[in-house]
Amino acid sequence: MKRILPALFTILLVVALALPASAEGVAPQPEITAEAAYVVNLDTGLVVYEKNSETPMTAASLTKLMTMILLLENYQDQLDTVTLTAPGYIYDLIWEQTRDASTADIRRGETHTLRSLLYAMELPSANEAAYIVADYLGGGSMENFIAMMNDEAARIGCTGTVFTDPCGLDPGNQITARDAYLLLRVALGYDAFVQAAGSATYEMPAASAHTDPYPILTTNKMITNTGYYRSYTQGGKTGSLDNWMNFASWHTQDGETYLSVVLHAPKTDEDPRPALTETATLMDWAFANYTVAPALDTTQPITELPIAYSTQTDTVMIYPASDMQTLLPREGGAELTEKTFQVPDRLTAPIQQGDVVGTVTLTIEGEQIGTVDLLAGSTVDRNQVLYTLARVKEFFSSTYFKVVVILTMIVVAVYLFLWVVAMLLTISRAGDPGHKPHRH
């Protein structure tokens with residue numbers, strides 16, 4: 001049975017191990033200017049790139065990932081039937097923080113479906129949409145909703161995340177690259193999020209202040225035909241404050257999927273969307289250097305073990321129970337793995353084909369990538385004569401037998417000693433002249 005070591009994430013996540021970038025056949029890890037990054041192969045749960053992934057940083061609009069998760073957790077089946085009207089007070093909350101907040105142009109008093117609000121949060125990162133949803137889910141209380149956000153983050157397993165508003169305008173919203181990965185992975189469990197995050201545009205319906213439907217556009221230019229475009233990018237969520245940018249996204253190519261997070265990539269005059277550029281750099285490198293492939297061949301024996309008590313054969317071929325599909329360097333692949341066997345010195349007949357006889361652990365440059373059971377490749381019957389002779393030999397050479405022999409020798413020695421003493425006493429009495437035998 002295959003037992004891939006994770007780690008990371010099993011709270012909705014897998015456990016993850018960082019593959020060594022120095023492995024033969026793998027190009028050196030790219031240099032990025034972002035303060036933190038995290039790239040995980042979703043098929044195996046293995047981390048291929050990590051930089052300051054446990055350091056809390058300002059979340060910006062990655063905060064909206066949690067707002068969307070709570071929306072979908074509670075109303076994923078009612079996105080088109082539940083409508084919300086924008087309360088006026090939320091605009092005061094937004095304007096208290098900035099006059100330059102991203103919006104979907106939803107006006108006070110306008111009514112929209114939950115689906116439209118989901119797309120508004122995801123595509124143009126509309127802050128008013130996040131506040132409208134938070135007001136509804138929190139029962140009219142932002143404090144209630146923020147408490148829900150932090151409770152959900154703890155439940156998911158986020159260890160460096162704090163939410164202070166539903167949209168990310170407040171710099172008090174903190175998140176780590178690893179926690180952003182966890183949030184994105186949870187969000188990907190909802191089809192509505194996957195569809196929204198993969199959309200370049202969405203048509204907002206007509207509302208009180210909009211007599212006609214109007215389009216909103218995504219901030220994720222990696223899925224549109226621009227200088228940032230990558231065909232493998234499926235979707236993601238951006239976030240910006242000040243002069244830096246965040247981006248959490250997922251990417252699929254040749255059936256392999258990665259989740260990536262880049263935090264606080266500094267903006268420049270030449271590159272206003274640096275988190276997208278650095279995500280492309282990381283993903284180009286990952287797809288070029290790694291592939292999910294079998295580390296073992298279940299049709300070929302991996303080792304051979306001697307077997308006792310049989311006249312059929314002296315050895316048994318041992319096969320891996322699983323091919324261990326895992327993330328390997330494209331160049332060299334399985335040949336770069338080192339194998340550590342946990343098997344007995346010998347097997348003992350009888351044994352059935354398919355019996356588990358041990359395990360093998362695979363590593364690349366000291367990093368464990370998994371453990372697989374080892375199976376006997378053939379059935380071997382026991383020769384009863386050999387077995388009986390071996391057991392007899394084992395008995396006569398056993399500690400038990402030796403103890404019995406020693407105890408027996410002691411008993412015999414004591415008996416002989418007592419017999420000799422008795423004989424000497426008898427002889428002594430017979431030679432005593434004062435000793436007269438009784439007469440009857």
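# Group meeting talk: contacts in a predicted model

Residues are numbered from 1 along each chain as its sequence is written, and side-chain values use heavy atoms, with hydrogens and water left out.

Back to serine 125. You'll find serine 125 in the loop between α3 (114-122) and α4 (127-137). Those labels are DSSP runs numbered from the N terminus: helices are H or I with at least four residues, strands are E with at least two. Is serine 125 buried or exposed? Its relative accessible area is 4%, so serine 125 is buried. The cut-offs are under 20% relative accessible area for buried, over 50% for exposed, and partly exposed in between, with a 1.4 Å probe and protein chains only.

Threonine 337 is another loop residue, between β16 (325-329) and β17 (338-342). A polar atom of the threonine 337 side chain lies 2.7 Å from the backbone oxygen of alanine 334. With 8% relative accessibility, threonine 337 counts as buried too.

Now, helix α6, residues 177-187. How many of the eleven residues in α6 are buried? Eleven of the eleven, so the helix is largely enclosed by the rest of the structure. The buried residues include Arg178, Asp179 and Tyr181.

Side chains of opposite charge can pair when their charged atoms come close. For a salt bridge, the rule is a side-chain nitrogen of Lys or Arg within 4 Å of a carboxyl oxygen of Asp or Glu. By this rule there are eight salt bridges. One of them joins glutamate 54 and arginine 178, at 3.9 Å from N to O. This pair links distant parts of the chain: glutamate 54 sits in the loop between β3 and β4 (57-58), arginine 178 is in helix α6, and they are 124 residues apart. Arginine 178 is buried, with a relative accessible area of 12%, whereas glutamate 54 is partly exposed at 45%.

Glutamate 152 is buried, with a relative accessible area of 7%. While you're looking at α5 (residues 142-156), methionine 142 is in that helix as well. Methionine 142 is buried at 9%, and its C-alpha atom is 9.5 Å from that of isoleucine 90, which is 52 residues away along the chain.

Here's another salt bridge: arginine 230 with aspartate 284, whose closest N and O atoms are 3.0 Å apart. Arginine 230 is in the loop between β9 (214-217) and β10 (233-241) and aspartate 284 is in helix α8, so the pair ties together parts 54 residues apart in sequence. Arginine 230 is partly exposed at 25% relative accessibility, and aspartate 284 is partly exposed at 32%.

On to rings. The structure holds nine aromatic pairs. Rings of Phe, Tyr and Trp (its six-membered ring) pair if their centres lie within 6.5 Å; planes under 30 degrees apart are stacked, over 60 edge-to-face, and the rest tilted. Tyrosine 49 and tryptophan 285 make an edge-to-face pair, 6.3 Å centre to centre with 75° between the planes. Why does this pair tie together parts that are 236 residues apart in sequence? Because tyrosine 49 lies in strand β3 (residues 46-51) and tryptophan 285 in helix α8 (residues 274-289). Both of these residues, tyrosine 49 and tryptophan 285, are buried. Tyrosine 258 and phenylalanine 287 have ring centres 5.1 Å apart and planes at 85°, so that pair is edge-to-face. Finally, Tyr49 and Trp285 form one aromatic cluster with Tyr290.

Conventions:
Predicted model: local features only at pLDDT ≥ 70, side-chain atom pairs only at ≥ 80, totals over all residues. Polar contact = N/O pair within 3.5 Å; in protein donor to acceptor, adjacent residues only side chain to side chain.
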